[in-house]
Amino acid sequence: MFATMRRRLQQLPEDRALKIFSEASAAVLALSSDDYPYAVPVSFVVFNGNIFIHGAPMGLRETLMKKHPKVSLCVIEKDEIIPEKLTTHFRSVIVFGTASFVTEPQAKREALMALAQKYSSGFEKEAQEEVNRTLSYVSVVQIKIEHITGKEAIELVNAK
């Protein structure tokens, strides 16, 4: 189902790819539509082996995920342009998975607090207040990781 990476020497081990992905501060979420692909930046957290995002309970992102739950997310850890060599030293990760909507209040609360821990560590009291205030209407999406792949520039591979 998932394509084999053509340049296998540049493929990162899965555990390294997951670490890079988990530590990134933002990802681009790619969704299918009937016309054009739709890609949107998102904040996310890897929690209990799944990816969680949150947002408004309406809009194009929500509509497309309901219709086409197969998604991908991409992060770029390194992107250094080397103009004199006509190349870029890059390192990136793509995750493929299936999105589902979290509706159970305690599961939503846990995912939102995991997001708060990642992005607002040290402000747990404020995060808890925000979660309590928005829990009934905020949308929480769980993305089950089905495949992950990471790749880096051959120059970075050769420098090891």
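The following conversation concerns a predicted model.

Biologist: Where is Ser139 found?

Modeller: Ser139 lies in strand β8, which covers residues 139–152.

Biologist: Is Ser139 buried or exposed?

Modeller: Ser139 is buried, because its relative accessible area is 7% and the cut-off for buried is under 20%.

Biologist: Which side chain makes a polar contact with the side chain of Ser139?

Modeller: That of Glu62, at 2.7 Å. Glu62 is also among the residues that Ser139 touches beyond four places away in sequence; the others are Ile53, His54, Gly55, Ala56, Pro57 and Phe101.

Biologist: Turning to helix α3, what should its 15 residues span?

Modeller: At 1.5 Å a residue, helix α3 (residues 105–119) should span 21 Å, and its end C-alpha atoms are 21 Å apart, so the two values agree.

Biologist: Which residues of α3 are buried?

Modeller: They are Lys108, Ala111, Leu112, Ala114, Leu115 and Ala116.

Biologist: And what covers the buried residues of α3?

Modeller: The cover includes strands β4 (45–47), β5 (50–55), β7 (87–102) and β8, together with helix α4 (124–134).

Biologist: What reaches the backbone nitrogen of Gln106 at the start of α3?

Modeller: A side-chain oxygen of Glu104 comes to within 3.2 Å of that nitrogen.

Biologist: A change of topic: where is Arg16?

Modeller: Arg16 sits in helix α1, residues 14–23. Arg16 counts as partly exposed, because its relative accessibility is 32%, between the cut-offs of 20% and 50%.

Biologist: Which residues is Arg16 in contact with, leaving aside neighbours within four places in sequence?

Modeller: Arg16 is in contact with Glu77 and Arg91.

Biologist: How many residues separate Arg16 and Gly150 in sequence?

Modeller: They are 134 residues apart in sequence, while their C-alpha atoms are 8.0 Å apart in space.

Definitions and conventions
Residues are numbered from 1 along each chain as its sequence is written. This is a predicted model: local features need pLDDT of at least 70, side-chain atom pairs count only at pLDDT 80 or more; totals for chains, interfaces and linings use all residues. Side-chain values use heavy atoms; hydrogens and water are left out. Helices (H or I, at least four residues) and strands (E, at least two) are DSSP runs, numbered from the N terminus. Buried means under 20% relative accessible area, exposed over 50%, partly exposed in between (1.4 Å probe, protein chains only). A polar contact is a pair of N or O atoms within 3.5 Å; within protein, one must be able to donate a hydrogen and the other to accept it, and residues adjacent in sequence count only if both atoms are side-chain atoms. Contact means heavy atoms within 4.5 Å. The expected span of a helix is 1.5 Å times one less than its number of residues.
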